[in-house]
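Hi,

Here is the structure I promised to pass on to you. Have a look at it first, and then read my notes below.

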Amino acid sequence: MALPKRIIKETERLMAEPVKGISAVPHEDNLRYFDVTIEGPEQSPYEGGVFKLELFLPDDYPMTPPKIRFLTKIYHPNIDRLGRICLDVLKGNWSPALQIRTILLSIQALLGAPNPDDPLANDVAQKWKEDQNAAIETARQWTREHAKP
Amino acid sequence: MKFGHIFKERLKSEGFPPEWVESAISYSQLKKCINRLTNELSELGLDPQTLRQLLKKVEDFNAANKDDDKPLEYLLAGQAGLGEQQGGTAPFHPMLLVYVNETTGELDSAHLNEETRHKLQLLAIDTGLSDLRVVELPDEEPDCLPSRTVNNSAGGLRRRPGYRTVEVPLTSDIEFFSTLAAELVGLEELQEREQRRMRGEIERLGKQIARQTDPDRRANKKLLAIWRQIFQIYVESDIFFGTTESDHSARDSEAAVERFEKFASTIASHHLVDQMKREENLRALTAFMDINRNLLQGLRFGEINRIAMTKILKKFDKQTALGVKKTFPQRIEYPDFSQHLARAVCAEVNTQILSHVPRIDDYTCAMCMDIQWRPVRLRCQHVFCIRCLIVMQTNKQHFCPLCREKTVFDANAENLDLEMASFLKKWFPDEVKLKQRHNQLMAGKDEYGEVYQQKCCVM
Ligand SMILES: [Zn+2]
Ligand SMILES: [Zn+2]
């Protein structure tokens, strides 16, 4: 099936006007599949790290949201061991007017503001609530170990 | 090469209109002023080195004490505060002030070294009544002051009980600042004149282009596409300002020129100029390019004058040690000649010229990012193409993707925006045709499945 105009346009814009700290490059043999990197936001425990993600646009995109997953190991209360992300706009709050770039920006923002009250990784969220400083330190350490640029 | 020389050369060689050149900052005249001022100060024993030393001490002293106890200060505005009331154009009245203890004749600072203190004391006392004018700030009647004094109530001067305020009589500094201030006002006026002139030109050109692109005139059909493409490239070139999320900044003239040239070569390489057959079209395009060149020149002119101002203030400080480079810009703002002009003119180009040729980007459906054909206007006033509306309704996506109101749910044939449909057909006939075909194809697929496309092609 031909690639919808929307996906072509979004891809072109991602290339022409990249977002700071974010890159998304489609696979040559499957233009619905993107290799994504997100730089950890400044002043967050993820600062200095570069995180790899995979993004896939399902057939009925944009009726349904893109499927996104972290490939780089990350210590975050809203991201589980498999890299799945708990983010409202990727689920019930998705709107077909949102785009790849807006979603990636939301994920970058999530790294800057972890939310242990709405956890996906329960054990991490628990630690985050019990001893925030220690949790942040672990996140830093994981970033240093796994998210080397 | 000295800056004065470079400045003069640039004014001469860059093809600025004579009227502009006349309004430029008179760097060499101001430089002469500074030389005279330096002489005046030296005659009073205040050579730059002494003065610098002195002011440095005052600064240290002020940092450590309440600023009531300054032994000496250089005020740019005798009438600070008045400026705002009079629209920022209050005349400059720079003053070098020394405070002397009335009874002892001593300078009020123990932090000055003996030598400078002595020197100033001599200035104040020995020459005080002949060479130096001693101004006593009166308690009650500010009206009967000598001419070069300050109206105390409005002035930046503080009355200090027990001290005499000695004003070191200087004339070249007044000349310097009033010349510079007048020139800045002149530059601002020049900018306003230019803006008016360009506005007239833009308006005229806008009307021409409107005529040349009117889709109701058959002869224009091809031309509309050409102008649209030219403007599309123009807008994307971001010549004067960035328009992306991460870059809204104004560009300096060098960057702007570079972008403009790239724009010019892009439209040439797309053979857009060659396709213009009639004389009037070419003339309009030339006028459009000229407006932009004019603006680039204004940008450049503003930049070199700004540099001239910075340099001359720096020179003033270096030769007199009076330290005005920081305080002067607080008093008078450098008229942002170029940027202000560029913003105003770009806005004008947008409303008067570019708007005559509607851009497809303003009529794309937020969901398929194609033209909004046929346009369906939801209750919330958001417009989508009918194809996307059908897809949403089939998928039970009841809420508007843009505002999340439940307006997709109850949309029906009544929501077709007929007025907009005829507008789109008129201005974007090719895009509409393509989208129409696409919508039919997708509808066919809905009904007959994927094979529909193949069948279609065979037939
Ligand atoms: Zn659509
Ligand atoms: Zn809406």
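Let's start with chain B, which has 16 helices and six strands (helices are DSSP runs of type H or I with at least four residues, strands are E runs of at least two, and both are numbered from the N terminus). Bear in mind that this is a predicted model, where local features need pLDDT of at least 70, side-chain atom pairs count only at pLDDT 80 or more, and totals for chains, interfaces and linings use all residues. Residues are numbered from 1 along each chain as its sequence is written, chains are lettered from A and ligands numbered from 1 in the order they are written, and side-chain values use heavy atoms, with hydrogens and water left out.

Of the 459 residues in chain B, 45% are buried (under 20% relative accessible area; exposed is over 50% and partly exposed in between, with a 1.4 Å probe and protein chains only).

Now the zinc ion (ligand 1). Its protein donors are the SG atoms of Cys365(B), Cys368(B), Cys385(B) and Cys388(B), 2.3 Å from it (donors are N, O and S atoms within 2.8 Å of the metal, or 3.2 Å for Na, K and Ca; water is not among the atoms, so sites may look incomplete). Along the chain, these donors follow the spacing C-x2-C-x16-C-x2-C. Cys368(B) sits in the loop between helix H12 (337–352) and strand E5 (375–377) of chain B, while Cys385(B), 17 residues away, is in strand E6 (residues 383–385). Both Cys368(B) and Cys385(B) are buried.

Over to chain A. Four strands make an open antiparallel sheet there, in the order E1-E2-E3-E4 (two strands pair if DSSP finds at least two bridges between them). Strand E1 (22–26) and E4 of chain A are at the edges with a single partner strand each, so one side of each has no neighbour in the sheet. E1(A) is joined to strand E2 (residues 33–39) by five bridges, and Ser23(A) stands opposite Thr37(A) in E2(A).

One more residue to look up: UniProt, in an unreviewed entry, lists Cys86(A) under "active site" (positions are in the numbering used here, feature names are shortened, and annotations may be inferred rather than shown by experiment). Is Cys86(A) buried or exposed? Cys86(A) counts as buried because its relative accessibility is 16%. You'll find Cys86(A) in the loop between strand E4 (67–70) and helix H2 (100–112) of chain A.

Cheers
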